[in-house]
2 protein chains.
Amino acid sequence: MTASDRDDGRFSYEGLDRIIHERARLSVLTSLVAHPKGLPFPDLKRLCGLTDGNLSRHLAVLSEADFVTLEKRFAQNRPQTVCRLTASGRQRFIGYLGVLEQVVRDAAEAAASGPESGRRGLDPATKPA
Amino acid sequence: MTASDRDDGRFSYEGLDRIIHERARLSVLTSLVAHPKGLPFPDLKRLCGLTDGNLSRHLAVLSEADFVTLEKRFAQNRPQTVCRLTASGRQRFIGYLGVLEQVVRDAAEAAASGPESGRRGLDPATKPA
DNA sequence: GCCGTTACTTTGCGCCGCAAAGCATAGGCG
DNA sequence: CGCCTATGCTTTGCGGCGCAAAGTAACGGC
């Protein structure tokens, strides 16, 4: 063994789903989890600070992957697309959040423990000959 | 005003720097913040669960953006690239972590508050005529 | 002197984020 | 009724990037 086998993948964070781990989509999902009844396209657009085209594309991706449902209806004689989180989407998003939390914990802990102190001598960079 | 102006960009998370917000690079930065003395290429590769090519590419990007320094030296008659976080890189990474934490807080709070209860009647989806 | 191993770098491809352009309908206004 | 602007999205185009496979180089047995 290579003396660091036990740490293999320690920071690989495989739970960071590519579909979710993207600024715009993270915004969308967070918005939707905060609005369980669903959100109309324009509101979502404003909350996330996205352009029409952008939001449209990301919603298509999220819908394709069954994270959200898109209900196209009419309100006040205007088309209105209402976006809602699916149960499975909610589940997977929560799982992702757990990983994110782990990242923050790992990093915060490390950042606090050794800005100037370092880790005295336990470091692989100084492995013996 | 559109009755939701105060919430514009509420979930836009502009602090999510594209350079950092990427699984592989997030892994690298977290590894490095946990090892302030620096890490040799192979160790970093194992910690992050990355292939050689991948790690090389991401290190080039991080180095380009002045997040890390790459010291190429020789140890045990073999080439050894040691990666270290720069002060500014550390600073920016910590800033990013703050935003991540905000994301987790926003989402966790929302997810806890309304899985089944919803937000009775305050929802933009049910705005009056 | 070949052969495998270690330590990277380079190349190539496919997908994706993003903005600009497009399309369709509604609602004033003369 | 015809025009014009605003709203609500969708589609298109392209530049960039993540990723894996191939390439380079140097050392260490045998």
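Colleague: Which residue takes a positive phi in the hairpin of β2(A) and β3(A)?

Modeller: That is A:Q76, with a phi near 50° in this predicted model; the hairpin has two residues between its strands. As for ground rules, local features need pLDDT of at least 70 and side-chain atom pairs 80 or more, while totals for chains, interfaces and linings use all residues. Residues are numbered from 1 along each chain as its sequence is written, chains are lettered from A and ligands numbered from 1 in written order, and side-chain values use heavy atoms, without hydrogens or water.

Colleague: What makes β2(A) and β3(A) a pair?

Modeller: Strands (DSSP E runs of at least two residues) pair if DSSP finds at least two bridges between them. Eight bridges join β2 (residues 68-75) of chain A to β3(A), so the two strands pair. They run antiparallel, and A:T69 stands opposite A:R84.

Colleague: Happy with that! Why do the buried residues of α2(A) line one face of the helix?

Modeller: Helices are DSSP H or I runs of at least four residues, and α2 (residues 41-48) of chain A has A:F41, A:D43, A:L44, A:L47 and A:C48 buried, meaning under 20% relative accessible area with a 1.4 Å probe, protein chains only. Directions from the helix axis to their C-beta atoms fall within an arc of 165°, so they line one face.

Colleague: Which elements do they pack against?

Modeller: With contact meaning heavy atoms within 4.5 Å, they pack against α1, β1, α3 and β3 of chain A.

Conventions. Buried < 20%, exposed > 50% of the residue type's maximum accessible area, 1.4 Å probe, protein only.
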